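Try each one before reading its solution.

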Amino acid sequence: MIHKYQLNGFNIVLDVNSGGVHLVDEMTYALLDYIAPPFAAECPAQALAALADTYDIEELKACYSEIVELSEAGVLFSEDTFTQYSAVSVPSPIKALCLHVSHDCNLRCAYCFAATGDFGVGRKLMDAEMGKKAIDFLVANSGDRVNLEVDFFGGEPLMSWNAVKEIVAYARSMEKQIGKRFRFTMTTNGMLLDDEKIEYLNEEMSNVVLSIDGRKEVHDKMRPCPNGTGSYDHILPKFRKMVSLRGTKDYYVRGTFTKYNLDFSEDVFHLYEQGFDQISVEPVVAAADMPYALTEAELSAIAAEYETLANRMLENEKKGGKFNFFHFSIDLNNGPCAIKRLRGCGCGNDYVAITPEGDIYPCHQFVGVEGYRMGSLVDGSFDTEMKAKFAAAHVGNKPECRECWAKFYCSGGCNANNYLYAGDILKPYGISCKLQQKRLECAIMMQAARFAAKESEEA
Amino acid sequence: MKHIKTINKAQLAATAKKGGCGKCQASCQSACKTSCTVANQKCERD
């Protein structure tokens with residue numbers, strides 16, 4: 001399977017099964033419409049006849065030879081050798097927790113999938129003892145996994161500050177003894193950050209995700225305080241300070257775009273201009289009847305905006321600037337292995353979410369969804385059948401994904417989105433798919449542009 | 001090659017044979033939390 005497309009003046013061919021990315025000339029791009037494996041030694045007469053008026057016959061034959069050579073090398077029209085690995089996608093050890101230390105929040109974000117913090121099930125903070133039980137659960141179910149991840153999430157996790165510190169200390173105290181490493185992360189709105197917390201989080205959290213949507217008016221419209229005033233001015237100086245003191249540790253400033261800011265490249269660049277260089281701005285997840293929701297009607301505008309963003313980033317790089325945009329970040333050489341790409345996010349299998357009450361769900365987006373409570377830390381229950389169901393929710397078992405060129409990049413989409421908007425964890429949510437495909441096309445184009453620029457410099 | 005330039009190593013099939021060690025980060029822990037983004041994760045195999 002190949003996927004070919006034209007963007008920003010480049011003719012790009014992705015070989016889906018090998019991951020090969022090829023820059024081709026117009027003749028090759030046209031010829032690929034007329035040929036398919038198995039390849040004969042000579043270029044098919046039908047293809048030559050179709051293109052003879054436009055291109056030189058001898059050049060077409062030479063072009064055909066190059067295609068055949070790459071096919072024989074396994075980087076073009078390569079075969080699907082991955083299906084066999086689907087069958088071995090068995091339940092894995094649990095290696096990551098989304099720890100909901102707070103089902104309460106000090107903002108009232110309009111688009112919050114957690115129903116402004118409480119996930120629709122009432123405001124509550126996790127106490128340290130429940131957090132320690134969660135750590136014990138993770139360790140007990142982690143098998144041979146060495147790196148164990150705990151993301152402090154909410155609601156707003158800083159509202160459970162003392163519990164966070166106790167939980168971290170508890171986990172750290174056992175690292176040597178159990179021979180495992182904890183990697184803590186936190187997703188925060190920043191309202192409660194102060195110098196003490198910044199210092200602690202920069203020491204203990206391997207990554208922090210700092211929620212800010214972009215321009216002040218965009219941010220304040222969707223992320224107000226409980227009294228209705230905007231939160232932008234409260235958080236921006238704190239985030240700047242935190243990042244300036246963070247050294248080489250990971251962070252992201254992370255925003256959400258909605259129907260209200262379809263010009264979201266402005267928000268990405270606004271964040272860049274505030275001094276941030278690790279930026280993620282992502283489409284809102286919302287029911288179609290919400291006024292800010294992204295629907296089919298917005299798809300063309302969003303696609304155009306992703307192109308605008310990609311081009312602006314490339315222009316910025318030419319001027320010596322650079323930042324990382326999470327959804328355009330792809331390592332075409334040393335990215336995740338094929339097994340990870342088959343299995344996807346791992347929700348409900350190697351990743352679960354735990355609520356303040358100790359309830360276990362497949363991930364943070366499933367919290368409160370009827371029928372998806374997997375167990376409880378209180379009574380020790382855990383639904384291994386549901387775990388097996390999520391383990392089997394890989395690309396090979398998603399019929400629409402099997403035919404999609406992007407399958408090894410999105411890995412079958414977000415299972416929660418699939419369930420909440422398409423009704424089945426195995427059925428991809430069409431709007432997400434289209435956005436994902438567009439982002440991938442832009443991301444690969446950017447790599448092609450960098451490759452071409454480097455070649456041009458060296459010539 | 002004159003007509004085609006390959007810009008990467010294209011070795012996805014090879015990674016299947018020795019992959020699946022699970023040392024890498026769970027993708028939703030990195031930044032997304034609302035969308036599945038796997039291909040931008042790092043391989044952490046020793």
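Predicted model: local features only at pLDDT ≥ 70, side-chain atom pairs only at ≥ 80, totals over all residues.

**Exercise 1.** Find what covers the buried residues of helix α16 of chain A.

- Step 1: locate α16 of chain A at residues 415–422, where A:N415, A:A416, A:N417 and A:N418 are buried.
- Step 2: look at the cover over these buried residues, which includes α13 (384–391) and α17 (430–458) of chain A.
- Step 3: go on past the helix to A:G423, which follows α16 and has a positive phi, near 85 degrees.

**Exercise 2.** Work out which element gives the largest share of the largest nonpolar core.

*Solution.* 
- Step 1: pick out the core of 142 residues, in which A:F152, A:F182, A:F325, A:F328, A:F366 and A:M445 have the most contacts.
- Step 2: set aside another core, which lies apart and has 25 residues, including A:V13, A:L31, A:L60 and A:I67.

**Exercise 3.** Trace the sheet of chain A and say which strands stand at its edges.

*Solution.* 
- Step 1: follow the eleven strands of this open, mixed sheet in the order β12-β11-β10-β9-β8-β7-β4-β13-β14-β15-β16.
- Step 2: check the two ends. β12 (324–325) and β16 (381–382) of chain A each have a single partner strand, so one side of each has no neighbour in the sheet.
- Step 3: zoom in on one pair. β8 (residues 181–188) and β9 (residues 205–211) of chain A run parallel and are joined by five bridges; A:T187 has A:V209 in β9 as its bridge partner.

Terms used: Residues numbered from 1 in each chain as written. Chains lettered and ligands numbered in written order. Heavy atoms only, no water. Pairing = 2+ DSSP bridges. Helix = DSSP H or I, 4+ residues; strand = E, 2+ residues; numbered from the N terminus. Buried < 20%, exposed > 50% of the residue type's maximum accessible area, 1.4 Å probe, protein only. Contact = heavy atoms within 4.5 Å. Core = buried A, V, L, I, M, F, W, Y, C linked by side-chain atoms within 4.5 Å.
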